[in-house]
Amino acid sequence: MRKKKIVVLTGAGISAESGLSTFRDSGGLWEGHNVMDVASPEGWRRNRKLVLEFYNQRRRQLRNAVPNAAHTELVRLEEKYDVTVITQNVDDLHERAGSSSIIHLHGELNKSQSTADPDLIYDLEGEDISIGDKCELGSQLRPFIVWFGELVPKMEEAVMETLKAEIFIVIGTSLVVYPAAGLVAYTGNEIPRYLIDPSEPELNLSYSNLTHIKSKATSGTKELVDRLMK
Ligand code: APR
């Protein structure tokens, strides 16, 4: 029997209970840095060493983090549904939890990218990137992260998946960063939409057919998955 299609859009909030900090809860600073200093091409041009060290720190921190119940509940959902996770997160917690279909809109922390050819992507296995680490073309490696102002190459793929959703779930994103936040608009009013977040994201809550589960990702996702698995 064909499994119904569920698309899940996740953000930093789903990894908060794994100990990874969100972006806008901490007063606009990301681990003490102005986001534009460490997550923009201008920041990279200004100070490559600072940017490389920033992501090296994030990567080391990620090694000590583990998927939480929200990540694992989304895997349980796959027993009954065809689930695609579209995430804005650069951590690998969805992978480590066992999700089988994941689209990373903003890149991946455990990978590096050539600065000469953006199609050259390398696995880091959690290692650092240092000044002098070069791609096969001899250019400096950079973090495989989509920075502010850069294109989101996987957006079209994410839209195509979202258009197929029969149920749409949003977990732990403030929905203020586009184009990712725009995915919600590709879901029709005729399908059930759920929002799991302890606060009020920037969503025009007048969307019909939208249920806001006002709780943390771990408890809220378990509650929703229990309901959907019945
Ligand atoms: N459970 C669920 N949601 C939570 C939790 C939690 N335990 N803690 C915080 N949240 C919610 C917040 O209420 C907020 O709505 O998670 C959301 C986090 O929002 P942001 O910090 O803005 O993170 P995100 O939406 O993922 O940011 C999008 O912005 O900085 C860029 O590229 C970066 O991917 C990132 C993008």
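How far does a polar side-chain atom of histidine 106 lie from an oxygen atom of the ligand? I began my notes with this question, keeping in mind that the model is predicted, and I found that the distance is 2.8 Å.

**Entry on the ligand**

For alanine 217 I had to turn to the backbone, where an N or O atom lies 2.8 Å from a nitrogen atom of the ligand. The protein covers 93% of the 730 Å² of accessible area that the ligand has on its own. I counted 21 residues around the ligand, and I wrote down Arg24, Thr173, Ser174, Asp197 and Ser199 as the closest. When I asked where the ligand sits, I found it in the largest pocket.

**Entry on threonine 221**

I placed threonine 221 in helix 7, which spans residues 217–229. Is threonine 221 buried or exposed? I recorded threonine 221 as buried, because its relative accessible area is 1%, and the limit for buried is under 20%. Leaving aside neighbours within four places in sequence, I listed its contacts as Ala70, Glu73, Leu74, Ile171, Ile196 and Lys216.

**Entry on serine 101**

I found serine 101 in the loop that runs between helix 5 (93–97) and strand 5 (102–104). I noted serine 101 as partly exposed because its relative accessibility is 25%. Which residues does serine 101 contact, once its neighbours within four places in sequence are left aside? I wrote down Val83, Thr84 and Val85, and I saw that the side chain of serine 101 makes a polar contact of 3.1 Å with the side chain of threonine 84. I also checked serine 101 against tyrosine 207, which is 106 residues away in sequence, and the C-alpha to C-alpha distance came out at 27 Å.

**Entry on glutamate 150**

Last, I turned to glutamate 150, which lies in the loop between strand 8 (141–145) and helix 6 (155–163). Glutamate 150 counts as partly exposed because its relative accessibility is 25%. Not counting residues up to four places away in sequence, I found that glutamate 150 touches Pro41, Arg142 and Ile145, and that its side chain is joined to the side chain of arginine 142 by a polar contact of 2.9 Å. Between the C-alpha atoms of glutamate 150 and phenylalanine 23, which are 127 residues apart along the chain, I noted a separation of 18 Å.

Note on methods. Residues numbered from 1 in each chain as written. Predicted model: local features only at pLDDT ≥ 70, side-chain atom pairs only at ≥ 80, totals over all residues. Heavy atoms only, no water. Helix = DSSP H or I, 4+ residues; strand = E, 2+ residues; numbered from the N terminus. Buried < 20%, exposed > 50% of the residue type's maximum accessible area, 1.4 Å probe, protein only. Contact = heavy atoms within 4.5 Å. Polar contact = N/O pair within 3.5 Å; in protein donor to acceptor, adjacent residues only side chain to side chain. Near = heavy atom within 4 Å. Areas by Shrake-Rupley, 256 points an atom, 1.4 Å probe, with all protein chains shown as cover. 1 Å grid on protein atoms, 1.4 Å probe; cavity = no way out; pocket = protein on both sides within 12 Å on 5 of 7 lines; lining within 4 Å. Sits in = over half its atoms within 2 Å of the grid points.
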